[in-house]
Amino acid sequence: MDGTLAGYRRVAASSEFPYPYLIVQEGASLKGTVLMGIDPESLARLDVYEGGCYERRHAEVATERGMCEAWVYVGVEERIARQ
């Protein structure tokens, strides 16, 4: 389902860090897809896959069905800068 995540923006991949990531930014918003039904075991595998440069955080996402709770992976800029 489509959703809008308020308070975050996307940082594009660059020669310094080859993957896009999200950061907190007041007034920003992102559109994306909300995946439903992800079990805790799959989330744990995603945590490993995303590695140390990303942190999973709880967020509220606006959808056509109303607000829903979601997990988002946010870039940890201090760790990204050391890559």
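Mentor: Let us start with Thr-63, which lies in strand S3, residues 54–63; strands (E, at least two residues) and helices (H or I, at least four) are DSSP runs, numbered from the N terminus. Keep in mind that this is a predicted model, in which local features need pLDDT of at least 70 and side-chain atom pairs count only at pLDDT 80 or more, while totals for chains, interfaces and linings use all residues. Residues are numbered from 1 along each chain as its sequence is written, and side-chain values use heavy atoms, with hydrogens and water left out.

Trainee: Is Thr-63 buried or exposed?

Mentor: Thr-63 counts as buried, because its relative accessibility is 15%; buried means under 20% relative accessible area, exposed over 50%, and partly exposed in between, with a 1.4 Å probe and protein chains only.

Trainee: And what does the side chain of Thr-63 have within reach, in terms of polar atoms?

Mentor: A polar atom of that side chain lies 3.1 Å from the backbone nitrogen of Arg-65, and a polar atom of the Thr-63 side chain lies 2.7 Å from the backbone oxygen of Gly-66. A polar contact here is a pair of N or O atoms within 3.5 Å; within protein, one must be able to donate a hydrogen and the other to accept it, and residues adjacent in sequence count only if both atoms are side-chain atoms.

Trainee: Which residues does Thr-63 touch, leaving out those up to four places away in sequence?

Mentor: Thr-63 touches Met-1, Asp-2, Gly-3, Val-34 and Cys-68, where contact means heavy atoms within 4.5 Å.

Trainee: Switching to Leu-30, where is that one placed?

Mentor: Leu-30 is in strand S2, residues 21–33, and is buried at a relative accessible area of 17%. Its contacts, again not counting residues up to four places away in sequence, include Gly-3, Leu-5, Tyr-8 and Leu-22.

Trainee: Stepping back, what pattern does the protein follow along the sequence?

Mentor: The order is β-β-α-β-β-α, from two helices and four strands. Of the 83 residues, 31% are buried, and the C-alpha trace spans about 40 × 35 × 15 Å along its principal axes.
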